[in-house]
There are 2 protein chains.
Amino acid sequence: MKFSTKGRYGLKAMFDLATHHGNGPITLKNIAQRQDISEHYLEQLIATLRRAELVKSVRGAQGGYMLNHPPEEITVGEIIRSLEGPVGPADCVIDADSDECRNQESCVTRLVWARIQESVNDVIDSTTLADMLEDQERINNKKNYMFYI
Amino acid sequence: MKFSTKGRYGLKAMFDLATHHGNGPITLKNIAQRQDISEHYLEQLIATLRRAELVKSVRGAQGGYMLNHPPEEITVGEIIRSLEGPVGPADCVIDADSDECRNQESCVTRLVWARIQESVNDVIDSTTLADMLEDQERINNKKNYMFYI
DNA sequence: TGAATTCCAACTAGTTTAGTCGGAAATATT
DNA sequence: AATATTTCCGACTAAACTAGTTGGAATTCA
């Protein structure tokens, strides 16, 4: 029930881009170093994010990557789904026409998976990169407060 | 972000046992046939469930398996965790002392994983096998109603 | 031109998944 | 006592997936 490094690194990278949003292109190298991710591996992930039009790139020297939309308009759900595919605990609730379950209509187990899926979707679709930036602010304020008392 | 067949088959098998609760031991063969699962594979899963004391077994001819507690007292969470291990989208929220995240305290990404984990736990820990039996009743009633109109 | 950087495709070691296989031990039935 | 049924146990395995690595081409800035 874990996400793979695709989703986990991908969200980290996108959050990194969000913190630098508006500052021009950020190189993969910088993101990879800050987030402690293999640069070449991250390259693959960000290629996916680019194809999903969540980031845009500038090629050549002084190039790099930027968010393709403001942080308020990018959800965690979009990021994760672009990298991991549709989210859900079992195929029968992921693919509408999965043939795994012979009796989709009357399968009680499926109801449980559907509830899990719904609750995960609620979280990831209601959280934007802007929300994460706010969380970061709160954490920083708290840390400073702790430091000064 | 899917569960493996361990958790998925395991819940199906446990629900099967719940529907036959009180009727004496049920053979693995029967469960496997009804739920369309490889008998030998299910054997491994039910061994785990037995060690977790969620089912008890009766050996020998006319033997089989039974729930070790009434359906009201067995949660989906217990079943899934016994088979899949602790649930969560990333190690940093699964193992308390994961060394994956260098800055656990101030990691915003981790907050997102924690919210996902919490919402999944809410669902699986608040659903018992008895709840699933009730769901089954509701589905059956609805089907009969649809049939007679 | 040279350095920095993105873009692209192929390869790979290790792990996990979803089983299979063969047989030993226990118990009810005949 | 013999037999059939059933759980219990441990080892094996093909295929897929994960988390990368490698090598180089294309683009752009200085």
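What follows takes the cysteines, then the salt bridges.

This is a predicted model. Start with the cysteines. A disulfide is a covalent bond between the sulfur atoms of two cysteines. Over all chains, the structure holds zero of them. Cys92(A) has a relative accessibility of 4% and counts as buried. Cys107(A) is buried too, with a relative accessible area of 10%. Both values fall under the 20% cut-off for buried.

Now turn to charge pairs. The structure holds 10 salt bridges over all chains. One of them joins Arg34(A) to Asp16(A), with the closest N and O atoms 2.8 Å apart. Where do the partners sit? Arg34(A) is in helix 2 (residues 28-35) of chain A, and Asp16(A) is in helix 1 (residues 5-19) of chain A. The pair therefore ties together parts that are 18 residues apart in sequence. The two ends meet the surface in their own ways. Arg34(A) is partly exposed, at 35% relative accessible area. Asp16(A) is buried, at 2% relative accessibility.

Next comes a bridge between two other helices. Arg81(A) pairs with Asp125(A), and their closest N and O atoms are 3.0 Å apart.

Asp135(A) forms a salt bridge with Arg138(A), the closest N and O atoms being 2.9 Å apart. Both residues lie in helix 7 (residues 129-148) of chain A. They are three residues apart, about one turn of the helix. Asp135(A) is buried, with 7% relative accessible area. Arg138(A) is exposed, at 52% relative accessibility. That value is over the 50% cut-off for exposed.

Finally, look across chains. Which residues are linked in a network of salt bridges? They are Arg115(A), Asp135(B) and Arg138(B). The network thus includes residues of chain A and of chain B.

Key. Residues are numbered from 1 along each chain as its sequence is written. Chains are lettered from A and ligands numbered from 1 in the order in which they are written. This is a predicted model: local features need pLDDT of at least 70, side-chain atom pairs count only at pLDDT 80 or more; totals for chains, interfaces and linings use all residues. Side-chain values use heavy atoms; hydrogens and water are left out. A disulfide is a pair of cysteine sulfur atoms within 2.5 Å. Buried means under 20% relative accessible area, exposed over 50%, partly exposed in between (1.4 Å probe, protein chains only). A salt bridge is a side-chain nitrogen of Lys or Arg within 4 Å of a carboxyl oxygen of Asp or Glu. Helices (H or I, at least four residues) and strands (E, at least two) are DSSP runs, numbered from the N terminus.
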